[in-house]
Amino acid sequence: MLLVSVGKTVETYSLRALTPHPHASPPASSLARESGISAAAAAAVAAASASAARGNNLTLVKAAFYDMPLLVTSMAVVKDFLLVGDVHHGVSFLRYNDTTKVLEGLSRDFERHDVSSTGFIINAQKLLFAATDASGTLWQYEYVKNHPLSWNGQRLLPGGALHIGHPATKLLSVKVASPDGLNRHALLVGTHSGGFGIWSPVWDKDSAGRLQRLQPLLDRALSHTGGLNPRAFRRRHLKLPRAMGGGETYGPQGPPEGVAAGEEMLARASKNLVAETGSCILDGNLLWRFATLPRDQQQQLAQQVEARSPDQIMADLSSLALANTL
């Protein structure tokens, strides 16, 4: 299937063969006698004519389409699932149904982010959705149909956000060489200013827990250059106005039509999910500064995050670095 976007429409095409051309090319032997050329040259001409005829007998036939709110800016595909970004209306999660030959809308982000690129992060059996916006922020989502705040699966649940300071224009999926050998894919992040980074899943829960507890401790333990707090910078999207692609009003809104009133009350009563789960995306630049600290300070931080020693934390970081080596 060929997947394209035209304006706000996502379209799929299939390659079909037309009926054979009535004026088929003559065989090489007849061509040689009629034209007075060698048999080898006649065979080459006949093969080229046949190839051209086959090419003329193929056509693209539209198989399915799906209309986005305004303008498609990015598409990512894994198997028969699609993640489509809109210029002002966030991301939508689609699936191509081969039985009915239609593109089905499964879920979407109801916030109006100016999406510039989209991608999938695969962590074994878990599929996470990634998007970047015009304000220079990485957004992570998850499709959990049975979660009460997903409005019966119609809303993608936000898993976290991280401001990187530059709009990312490309997310490229790459294989992660994790020690357990399971299927995992990270995303290479490229920005319009030439920046380059990697957005990787963390497969070990114990390691993820230690690094997650370590991150706020490093915020307080490290000296801040010019008084600039790294945590405040990474959460800058919460202070940007919506007109600039920020998320100052980001949070659960009322559900769409057809969702029970009880779930609407639950959604309105919940807290800002990004504010609660922003640490679900770890700041690698901040965590690697642990290696620059004096040994006694490393020992103190390791005890606070329940690590056996500073070497265990360094092993966690090194394992991620080695698995994502290109």
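View 1. Is Arg155 buried or exposed? In this predicted model, Arg155 has a relative accessibility of 4% and therefore counts as buried, where buried stands for under 20% relative accessible area, exposed for over 50%, and partly exposed for what lies in between, computed with a 1.4 Å probe on protein chains only. Arg155 is placed in the loop between β10 and β11, the latter being residues 157-163; helices (H or I, at least four residues) and strands (E, at least two) are DSSP runs numbered from the N terminus. Although 46 residues separate Arg155 from Asp109 in sequence, their C-alpha atoms are 5.8 Å apart in space.

**View 2. The whole chain and how the model should be read.** Residues are numbered from 1 along each chain as its sequence is written, and side-chain values use heavy atoms, with hydrogens and water left out. Because the model is predicted, local features need a pLDDT of at least 70 and side-chain atom pairs count only at pLDDT 80 or more, whereas totals for chains, interfaces and linings use all residues. The secondary structure of the protein chain comprises 9 helices and 14 strands, and 41% of its 326 residues are buried. Its accessible surface is about 17300 Å², with 55% of that belonging to carbon and sulfur atoms; these areas come from the Shrake-Rupley method with a 1.4 Å probe, and for residues only the protein chains shown count as cover.

**View 3. Confidence along the chain.** The pLDDT, which is the predictor's confidence in each residue on a scale from 0 to 100, averages 81 over the protein chain, and 76% of the residues score at least 70. Confidence is highest in β5, at a mean of 96, and lowest in helix α5 (residues 261-269), at a mean of 39. Over residues 248-278 the pLDDT is below 50, and this stretch has 59 contacts in the model beyond near neighbours in sequence.

**View 4. The open sheet of three strands.** Strands β1, β2 and β3 form an open sheet in that order, with antiparallel pairing; two strands are said to pair if DSSP finds at least two bridges between them. β1 and β3 are the edge strands, each pairing on one side only, and the twist from one strand to the next averages 30°, an angle taken between axes fitted as lines to C-alpha atoms (for helices over the stretch in contact), on a scale from 0 to 180 degrees between N-to-C directions. β1 (residues 2-6) pairs with β2 over 5 bridges, and Leu3 stands opposite Thr12 in β2. These two strands, β1 and β2, form a hairpin with 2 residues between them, and Gly7 in the turn has a positive phi of about 65°. On the other pairing, β2 and β3 are joined antiparallel over 9 bridges, with Ala17 opposite Leu58 in β3.

View 5. Lys62 and Glu11 form a salt bridge, their closest N and O atoms being 3.3 Å apart; the term requires a side-chain nitrogen of Lys or Arg within 4 Å of a carboxyl oxygen of Asp or Glu. Lys62 lies in β3 (residues 58-67) and Glu11 in β2 (residues 9-17), so the pair ties together parts that are 51 residues apart in sequence. Lys62 is partly exposed, with a relative accessible area of 44%, whereas Glu11, at 9%, counts as buried. The structure holds 8 salt bridges.

**View 6. The open sheet of four strands.** The strand order in this open sheet is β4-β5-β6-β7, and the pairing is antiparallel. Because β4 (72-78) and β7 (102-108) stand at the edges with a single partner strand each, one side of each is left without a neighbour in the sheet. Neighbouring strands are turned by 25° against each other on average, direction ignored. β4 is joined to β5 (residues 81-86) by 6 bridges, and Val78 stands opposite Phe81 in β5.

View 7. Arg295 and Asp311 form a salt bridge in which the closest N and O atoms are 3.5 Å apart. The pair links distant parts of the chain, with Arg295 in helix α8 (residues 295-304) and Asp311 in helix α9 (residues 310-323), 16 residues apart. Arg295 is partly exposed at 47% relative accessibility, and Asp311 is partly exposed as well, at 48%.

Terms used. Contact = heavy atoms within 4.5 Å.
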